[in-house]
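Reader: I'm new to this one and would like to go through it slowly. Could you put it up so that we can start with whatever I point at?
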Amino acid sequence: MDDGTAALGDLVMRLARTQRRRWREALAPWDLSPHQARALRVVCGQDGVRVSDLAGALRIAPRSATEVADGLQERGLVERVPVPGDRRAVVLTPTVAGRRVQGEVDAARAADSHELFARLSTADRAELGRILRVISD
């Protein structure tokens, strides 16, 4: 039975690949991986994040989250800060440079999304958003 749903699935996957490629290209000036960019967004959006919570937010293994955090720390974008009252616990907090990079990355991503979706009319963008929310919920 060919009702066109297979073709729609292929188009959604093609768009996802296109979006991932564009996202990697947009991150190139900062030499960030998509995981690092997502992690930086999580850290900048909260007041101290444990690595285990970062792993949950990124849906990756804690060991992988530690590697991502290490990479961000080595680049001076986050720092590990001890938790008062718990000698063993630390949280990740953004540095000034991390907040600056996060702002620049957000602006680049917004500009790229605008460029990608500008070929659609305002009504088509609204309809696409509505349809994607229905499918993803």
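Reader: Is Gly48 buried, partly exposed or exposed?
Author: In this predicted model, Gly48 has a relative accessible area of 22%, so it counts as partly exposed, given that buried means under 20% and exposed means over 50%.

Reader: And where does Gly48 lie?
Author: Gly48 lies in a loop, namely the one between helix H2, which covers 34–44, and helix H3, which covers 51–58.

Reader: Which residues is Gly48 in contact with, once its neighbours within four places in sequence are left aside?
Author: With those neighbours left aside, Gly48 is in contact with Val91, Leu92 and Thr93. As for Trp23, which is 25 residues apart from Gly48 along the chain, the two C-alpha atoms are separated by 26 Å.

Reader: Let me pick up Thr93, then: what is its place, and why does it count as buried?
Author: The place of Thr93 is in strand S2, which runs over residues 86–94. Thr93 counts as buried because its relative accessible area is 17%, and the limit for buried is under 20%.

Reader: What else is Thr93 in contact with, leaving aside neighbours within four places in sequence?
Author: Besides Gly48, the contacts of Thr93 on that basis are Val43, Leu77, Val78, Glu79 and Val81.

Reader: Changing topic, what about Val68, buried or exposed?
Author: Val68 is buried, with a relative accessible area of 11%, and its place is in helix H4, made of residues 62–74.

Reader: Which residues does Val68 touch, not counting those up to four places away in sequence?
Author: Val68 touches His35, Gln36, Ala39 and Ile60 when residues up to four places away are not counted.

Reader: Now the surface: which residues form the positive patch?
Author: The positive surface patch is formed by four arginines, Arg14, Arg17, Arg20 and Arg24. Arg14 has its place in helix H1, residues 5–27, and it counts as exposed because its relative accessibility is 52%.

Reader: And what makes up the nonpolar surface patch?
Author: Ile131, Val134 and Ile135 make a nonpolar surface patch of about 280 Å². Ile135 lies in helix H6, residues 122–136, and with 62% relative accessibility Ile135 counts as exposed.

Note on methods:
Residues numbered from 1 in each chain as written. Predicted model: local features only at pLDDT ≥ 70, side-chain atom pairs only at ≥ 80, totals over all residues. Heavy atoms only, no water. Patch = residues over 30% accessible without salt bridge, like charges linked within 9 Å, V, L, I, M, F, W, Y side chains within 5 Å. Areas by Shrake-Rupley, 256 points an atom, 1.4 Å probe, with all protein chains shown as cover. Salt bridge = Lys/Arg side-chain N within 4 Å of Asp/Glu carboxyl O. Lys, Arg positive; Asp, Glu negative; His and termini not counted. Charge placed at Lys NZ, Arg CZ, Asp CG, Glu CD. Helix = DSSP H or I, 4+ residues; strand = E, 2+ residues; numbered from the N terminus. Buried < 20%, exposed > 50% of the residue type's maximum accessible area, 1.4 Å probe, protein only. Contact = heavy atoms within 4.5 Å.
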